[in-house]
Amino acid sequence: MAIRFTPKLFQRFSQITKPLNSSPSTLPVLPFNFDEKPESFVVKKPETGTETETSTKTKTESSILNFENTQELFSTFSTTKLIRSVFNLNMASIDPVVDMGIWVMRSKLLDVPGFRQAILGSVKHSFYEQFVAGKDLKETSETVQKLYGDGLRGMLNYGLEHAYDNDSCDQNYKTFLNTIESTKLFPPSSVSFVIVKISAICRMDLLLKISNWLRWEKQNPSFKLPWKQNTLPILSDISPLYHTLDKPDPLTRQEEQDLELAHERLSKLCQRCLELNVPLTVDAEDTKIQPGIDYLTYNSAIEYNKLGDTPIVYGTLQAYLKDAKERMLIATEAAEKMGLPIGFKIVRGAYMSSESKLAASLGFESPIHNTIQDTHDCYNDCASFMLDKIVSGSGAAVLATHNVESGKLAATKARELGIGKENERLQFAQLYGMSEALSYGLKNAGFQVSKYLTFGPVEEVIPYLLRRAEENRGMLSSSNLDRQLMGMELKRRMKGCVGL
């Protein structure tokens with residue numbers, strides 16, 4: 001007989017698994033292989049140097065993160081949470097399951113009476129609970145407190161993006177501001193960052209037009225933009241410019257006024273973050289609108305980062321882009337000349353599919369690195385560069401990665417440079433519900449680690465999660481290490497229950 005996975009079944013997990021947390025009892029049979037040993041799922045950079053040097057380096061990198069003791073690694077995880085995580089991560093790693101979920105959530109089936117409630121209920125008690133911190137700030141605060149009790153911090157991200165009118169921008173601004181204000185109610189230091197997407201507080205059509213003009217200015221340096229305010233270098237000599245093949249239409253008076261409103265919204269958010277001592281990170285988006293995002297971000301960074309030794313405004317770099325490292329170098333150099341501390345969240349990237357399709361449709365080469373190894377190398381180089389800037393006092397970084405090898409490399413260098421938990425300028429980060437082994441391994445190694453916490457009602461967050469699911473299939477399928485380590489810990493607990 002087929003088993004139906006319903007919300008009630010998920011709710012009963014705590015009853016089924018309670019014996020595993022206390023005394024021996026009848027054990028449930030789980031459809032996963034818990035005898036597998038963790039295997040590497042990252043492409044490693046070729047080693048250079050002598051055999052002795054390579055051996056010593058490899059030993060140091062391996063020893064800094066301990067994944068062997070699963071009891072210690074998952075000591076704060078209930079058995080219920082482990083089973084849910086293993087199940088959800090297995091489901092999320094199967095492409096047909098992701099495809100079906102995306103199709104259902106975008107189909108007219110959700111308009112059928114009763115069907116919508118059933119589907120949203122199932123999603124809420126599975127993937128939503130796995131990857132979303134809560135439906136509102138109250139639920140999210142409970143998640144943050146649990147994480148803080150585990151030695152982790154939270155990066156608050158209300159899943160808002162892509163506003164198409166000023167009313168929506170104003171409403172999103174108020175939501176972001178409310179998120180910032182809420183940090184006063186959280187345990188001190190439990191929130192490491194508040195996340196903002198520029199596309200939620202600046203109209204999409206205007207953000208695209210600004211980006212087009214910035215690309216046009218790059219191609220025609222003598223051309224000066226009348227509305228352009230103080231900023232850092234945005235585009236490098238190898239940045240893609242194919243989005244703007246023709247000279248854009250000038251900004252209308254209304255568009256210039258709307259751009260000023262976008263500046264004001266971001267500035268007010270930064271000001272409140274400064275007052276509450278909670279840094280603000282602006283997320284990266286696709287290259288079509290990224291120049292406009294960087295323009296607004298750098299403008300606020302110049303205004304607010306100069307007020308202290310540690311940045312209050314961070315931008316985001318996507319290392320899968322060929323021009324990522326060069327853009328980081330020129331922005332950092334300009335900031336240093338201004339005596340301005342600069343902060344970056346470094347990620348691999350979340351728009352690979354759409355970026356490649358757009359470039360191909362226009363007859364241009366993809367802005368994404370040609371190989372995954374090139375992306376790994378770029379990420380590791382950018383991380384290493386920013387670690388040096390942390391030591392010199394001119395930079396700060398959030399190293400957001402699910403790649404174990406990158407985590408080891410950065411942690412090893414950070415330890416060699418003397419950067420530890422007490423240094424607010426370095427933060428490692430992973431998405432909530434993913435890469436738990438890496439998060440807790442880095443925490444146990446003595447570093448500050450945050451979980452990127454998306455929150456919001458199911459109906460509002462699902463579209464955001466669907467976009468992430470489409471663009472991050474590789475990341476979802478690379479959850480192998482977590483699944484295997486969690487499986488091993490479940491097996492250990494089962495053996496303990498029956499006295500094996």
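Helix α15 passes α16 in a right-handed crossing. The model described here is predicted. Two packed helices are described by the angle between their axes and the distance between the axes. For α15 (residues 372-392) and α16 (residues 404-416), the angle is about 20° and the axes lie 10 Å apart. Angles under 35 degrees count as roughly parallel, so α15 is roughly parallel to α16.

Residues of both helices make the contact. On α15 they are Tyr379, Asn380, Ser384, Leu387 and Asp388. On α16 they are Ser406, Leu409, Ala410, Lys413 and Ala414. By class, the contact of α15 with α16 comprises five nonpolar, three polar and two charged residues.

Backbone geometry was also examined in the loops. Histidine 162 is not a glycine, yet its phi is positive, at about 60°. This histidine 162 sits in the loop between β1 (153-158) and α9 (166-182). Its relative accessibility is 23%. Buried means under 20% and exposed means over 50%, so histidine 162 counts as partly exposed.

Asparagine 277 is a residue other than glycine that has a positive phi, near 60°. The loop that holds asparagine 277 runs between α11 (253-276) and β3 (280-282). The relative accessible area of asparagine 277 is 64%. Exposed means over 50%, so asparagine 277 is exposed.

Conventions. Residues are numbered from 1 along each chain as its sequence is written. This is a predicted model: local features need pLDDT of at least 70, side-chain atom pairs count only at pLDDT 80 or more; totals for chains, interfaces and linings use all residues. Side-chain values use heavy atoms; hydrogens and water are left out. Helices (H or I, at least four residues) and strands (E, at least two) are DSSP runs, numbered from the N terminus. Buried means under 20% relative accessible area, exposed over 50%, partly exposed in between (1.4 Å probe, protein chains only). Axes are lines fitted to C-alpha atoms, for helices over the stretch in contact, and angles run from 0 to 180 degrees between N-to-C directions. Angles under 35 degrees count as roughly parallel, over 145 as roughly antiparallel, 65 to 115 as roughly perpendicular and the rest as oblique. A crossing is left-handed if the near helix is turned anticlockwise from the far one by less than a right angle, and right-handed if clockwise. Contact means heavy atoms within 4.5 Å. Ala, Val, Leu, Ile, Met, Phe, Trp, Tyr, Cys and Pro count as nonpolar, Asp, Glu, Lys and Arg as charged, and the others, Gly among them, as polar.
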